Amino acid sequence: MTATMRAAATRVLERNWRGTYTVPAGGLYPHQWSWDSAFIAVGLRHISPRRAQIELDSLLSAQWHDGRLPQIVFNRERDDDYSPGGDFWRSETIPESSAVSTAGLVQPPNHALAVLLVHEADPAESRRRRFLQRAYPRLVAWHHYLRSRRTGPSGLARIVHPWESGMDNSPYWDAPLAAMTETIVDDVPRPDLQHADASHRPSNAEYGKYLYLAGRYRDHDCDDLDALSPYQLEDPAFNALWARSELALADIAAVLGDDASAAEHRENAEQIAHALESLWDEGLGCFVARDLLSGRLQRFRTVSGLVPLLLPDLAHTDALLQTLRGEHFALGQVALVPSHDLTAPTFDTARYWRGPSWFNTAWLVAEALDERGHGSEARALAEQMSSLALTHDFPEYVDPHTGAPRGTLDFSWTAALSLDLSI
Ligand code: 9YW
């Protein structure tokens with residue numbers, strides 16, 4: 001299995017490599033995406049630790065002056081192939097932005113975790129290229145941005161657009177988007193529909209709101225202190241990845257011989273994990289999102305609410321495992337881990353983050369299961385990932401009931417993360 005997987009995954013990652021970074025998929029996503037690059041580097045480290053370092057270096061070098069790592073770094077030659085692109089964001093006119101063309105939003109902070117894993121794959125090469133020395137201050141600035149510009153009294157970072165969760169059309173966002181009166185109806189370009197079935201993608205109504213929110217944020221120079229922003233939410237996976245990345249930063253600081261900073265990062269991780277408590281929903285047996293404008297918890301079971309399993313010493317580990325294994329996510333009985341509760345009226349087998357199973361979240365759950373001592377379940381999940389990825393040409397996501405491929409094919413993080421777990 002490993003040799004076949006290595007050859008096939010290498011082919012996909014080679015095809016999607018653009019010299020200094022990897023696109024998520026050739027047609028649908030022609031730029032560099034932030035959390036994709038981090039996941040991709042985790043797999044690339046088995047093919048070429050050096051290339052994995054370059055992947056992360058290129059993303060980190062697009063960092064804004066305020067510390068944010070942008071959701072997308074644009075290849076301006078492909079501006080017409082994805083919307084909204086570099087022309088829409090015109091980041092070069094925003095004072096805080098970096099020298100390259102990027103989106104102003106961010107994505108979940110999985111980067112420090114990826115940097116640590118890439119370093120560990122070949123510490124000698126990492127030392128020779130001074131990879132950690134370069135990455136560490138940028139990662140610290142990124143986390144500082146989240147703490148200083150995005151964190152409110154709860155201690156959790158807020159997202160200002162559904163895209164920032166990485167789980168664009170999660171049912172968490174239904175009520176907050178419905179409460180918004182503003183939208184764009186006339187000019188909603190959908191180049192994505194040339195590459196994927198409309199029933200597998202977010203709807204036009206959702207895109208109208210997405211574009212309105214992105215345009216409004218851009219028009220305010222991506223200012224996070226704008227209290228009137230009509231969309232402000234706290235997402236469990238975003239914050240759990242932040243806490244987990246603080247732990248990775250602690251390990252990186254220790255490698256660099258800075259024990260005082262290592263202790264600080266561990267303390268930060270504990271504070272975020274503690275703050276996550278306010279998103280725990282005892283009745284649902286998982287974490288949920290909070291709408292900061294209405295103050296309401298968005299009471300849905302989604303895979304985002306399971307991601308805190310990645311945090312050691314979490315009070316709710318047993319309850320989360322029960323939810324993962326029970327009828328709502330049916331671990332071991334369906335393909336991978338559904339993005340949404342199988343029993344919910346809002347569940348949809350095909351539509352993006354409203355049901356289909358994704359490989360990045362399966363990888364996060366497999367890592368968590370392994371670390372929590374559930375090695376056989378972790379291995380079974382890893383085997384499912386490999387077999388679905390190989391059988392269906394590395395799909396973006398799959399139908400949890402049938403395993404049928406959905407979205408686009410030859411998807412980079414599917415290849416990278418399936419390869420990572422097959423080794
Ligand atoms: C889009 C690139 C991105 C991922 C997100 C996923 C999707 C972009 O693709 O968003 O156009 O909808 O939801 O997690 O980073 O792979």
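The dialogue below takes these topics in turn.

A: This is a predicted model, in which local features need pLDDT of at least 70 and side-chain atom pairs count only at pLDDT 80 or more, while totals for chains, interfaces and linings use all residues. Residues are numbered from 1 along each chain as its sequence is written, and side-chain values use heavy atoms, with hydrogens and water left out.

Q: How is a pocket defined, and what volume has the largest pocket?

A: On a 1 Å grid over the protein atoms alone, a pocket is an open set of points where a 1.4 Å probe fits, with protein on both sides within 12 Å along at least five of seven lines; lining residues have an atom within 4 Å of a point. Grid points are joined across faces, edges and corners, and the volume is the space filled by probe spheres set on the points. Here the largest pocket holds about 310 Å³. Its lining has 16 residues, of which R379, A382, L421, S422 and I423 are the closest to the centre.

Q: Which elements give two or more residues to that lining?

A: Helices (H or I, at least four residues) and strands (E, at least two) are DSSP runs, numbered from the N terminus. The elements in question are α13 (359-371), α14 (375-391) and α15 (412-422). Helix α14 gives the most, with six residues. For the classes, Ala, Val, Leu, Ile, Met, Phe, Trp, Tyr, Cys and Pro count as nonpolar, Asp, Glu, Lys and Arg as charged, and the others, Gly among them, as polar. The lining of the largest pocket comprises six nonpolar, four polar and six charged residues.

Q: What lines the second largest pocket?

A: This pocket has a volume of about 230 Å³. Its lining residues include L247, R266, H274 and D313. Helix α11 (residues 259-276) supplies the largest share, five residues. By class there are seven nonpolar, one polar and four charged residues.

Q: Which residues are closest to the ligand?

A: A residue is near a molecule if one of its heavy atoms lies within 4 Å of it. The ligand is surrounded by 15 residues, with D36, Y82, G166, D168 and Y352 the closest. A polar contact is a pair of N or O atoms within 3.5 Å; within protein, one must be able to donate a hydrogen and the other to accept it, and residues adjacent in sequence count only if both atoms are side-chain atoms. From a ligand oxygen atom to a side-chain N or O atom, the distance is 2.6 Å for D36, 2.9 Å for W353 and 3.3 Å for R201.

Q: Is α15 mostly covered or uncovered?

A: Buried means under 20% relative accessible area, exposed over 50%, and partly exposed in between (1.4 Å probe, protein chains only). In α15, 10 of the 11 residues are buried, including W413, L417 and D420. Contact means heavy atoms within 4.5 Å. The cover over the buried residues of α15 includes α1 (2-15), α2 (34-47), β9 (357-358), α13 and α14.

Q: Where is T302, and what does T302 contact?

A: T302 sits in the loop between β8 (297-298) and α12 (317-325). T302 is buried, at 2% relative accessible area. Apart from neighbours within four places in sequence, T302 is in contact with S170, P171, Y172, F329, S339 and H340. A polar atom of the T302 side chain lies 3.1 Å from the backbone nitrogen of S304.
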